[in-house]
Amino acid sequence: MDLLLTAEHEMLRQTVRDFAQKEIAPIAAHHDETGEFPFETVKKMGELGLMGLEVPEEYGGAGLDTVSYVLAIEEIARADVAHSTITSVNNSLVCHGLLHFATEEQKRKYLVPVASGQKIGAYSLTEPMSGSDAATMRTRAVRQGDDYVINGRKSWVTSGPVAGVIILFAMTDPDKKHRGITAFIIDTDKPGFVRGKVEPKLGIRASATCECVYEDYRCPVANRLGAEGEGFKIAMTVLDAGRIGIAAQALGVAEAALEASLAYAKERQAFGQSIAEFQGIQWMLADMGTRVEAARMLTYRAALAKEAAKKTGARYTAEAAMAKLYASETAMWVTTKAVQIHGGMGYSKELPIERYFRDAKITEIYEGTSEIQRLVIARHLLGTK
Ligand code: CAA
């Protein structure tokens, strides 16, 4: 599959790998321990163009293709999944949404700072009582003259504690159900926007997550993203792109766990030989390697489908869902085996293996659980949606 990669792709992969291994890997354990947001490395990622990889240069991005995006997220995740979460959400859920649905004026005002890394972007769909069933949201936006007045509570907002720009989904016409949802671009420094409870998380602890509360927040009509009632389609279209990013980060952490396991298995001695010489360990390693390669194929295939869609406008919903489903379950499976191969050391905070295991879990949950991916894939196969 790597044969698909051009010399430019290989160069980008090496550049991001060098950066991530030098700048991110050494600080990952500290940020995991403290939960401090990694402002310094995020700033450097912005300077390298990693916060807006597919955004054209005229809007502050790096102007690269989707395969480059996937390679970059994969390499960042190999060093630290939390950093790749910040990057993936910024790139796909925010930049992709603004690039495709914003007006020229909105792009100049919001896409440029987010794609160049001057501001961090967030995406806000989920509510305390509305997760997988995203269309049941309660946050209301009521038009008053040239503003919408927004009230409600959003949860699990990745980068919420630090975001300068948020793409928010709110109900403008509840009678129309999902067709009554509208998207808005939120300036977080305006009155009425309140950052709520920060989530204490199992993994990706350096990626800050919080509730965001809207209390009579006045959003100008000029900040509506797309038309009234188009919000649900925007949310779903953007999630298709986002799911490829999550697949890439799952692939990255699975690779990191596999590499560490191969090295440890060769080095660790038991019963007079390296544990790599035991068939029980070999079979685990063989299955880990095979699943990683299968996840890579599905993820790169989804990237190619998204790239092709730039010309054809075709949906790549199923490709993205398959990649996310398989890569995230691979990440969880491979990191679980990695802990097992490392034994007690896999359970210890002295090595990054237990962090890989905790970080991998979220990839089966956010941007659509594995159950939602299966639902989307089954509907596609059956032709029912
Ligand atoms: N692209 C474009 N349009 C789409 C679409 C897609 N991928 N999927 C659905 N639609 C359209 C449908 O065509 C339909 O259009 P019409 O109004 O013309 O009929 C409309 O959207 C409604 O579609 P469904 O009937 O399929 O909707 P549903 O209520 O059955 O739900 C779902 C579909 C797939 C379950 C969806 O609700 C879903 O994806 N849920 C999971 C939500 C999710 O991923 N949340 C994560 C939030 S982000 C996050 O994790 C936090 C973070 O910051 C990282």
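1. In what follows, axes are lines fitted to C-alpha atoms, for helices over the stretch in contact, and angles run from 0 to 180 degrees between N-to-C directions. Helices (H or I, at least four residues) and strands (E, at least two) are DSSP runs, numbered from the N terminus.

2. The model is a predicted one, in which local features need pLDDT of at least 70 and side-chain atom pairs count only at pLDDT 80 or more, whereas totals for chains, interfaces and linings use all residues. Residues are numbered from 1 along each chain as its sequence is written, and side-chain values use heavy atoms, with hydrogens and water left out.

3. Helix α1 (residues 7-34) and helix α3 (residues 66-79) cross at roughly 25 degrees, and their axes come within 7 Å. That angle makes α1 roughly parallel to α3 (under 35 degrees counts as roughly parallel, over 145 as roughly antiparallel, 65 to 115 as roughly perpendicular and the rest as oblique). The contact (heavy atoms within 4.5 Å) involves, among others, L12, V16, A20 and I24 of α1 and V67, L71, A72 and I76 of α3. By class, its residues are eleven nonpolar, three polar and five charged, where Ala, Val, Leu, Ile, Met, Phe, Trp, Tyr, Cys and Pro count as nonpolar, Asp, Glu, Lys and Arg as charged, and the others, Gly among them, as polar.

4. Between helix α6 (residues 231-267) and helix α10 (residues 353-361), the axes come within 10 Å and cross at roughly 155 degrees, which makes α6 roughly antiparallel to α10. V253, A256, A257 and A260 of α6 meet I353, Y356 and A360 of α10, a contact with seven nonpolar residues, no polar and no charged.

5. Helix α8 (residues 317-342) packs against helix α11 (residues 370-382) at an angle of about 140 degrees, their axes being 9 Å apart. Residues of this contact include A321, M322, L325 and E329 of α8 and R374, V376, I377 and L381 of α11, and the classes are seven nonpolar, five polar and three charged.

6. A polar side-chain atom of D240 lies 2.9 Å from a nitrogen atom of the ligand.

Note on methods: Polar contact = N/O pair within 3.5 Å; in protein donor to acceptor, adjacent residues only side chain to side chain.
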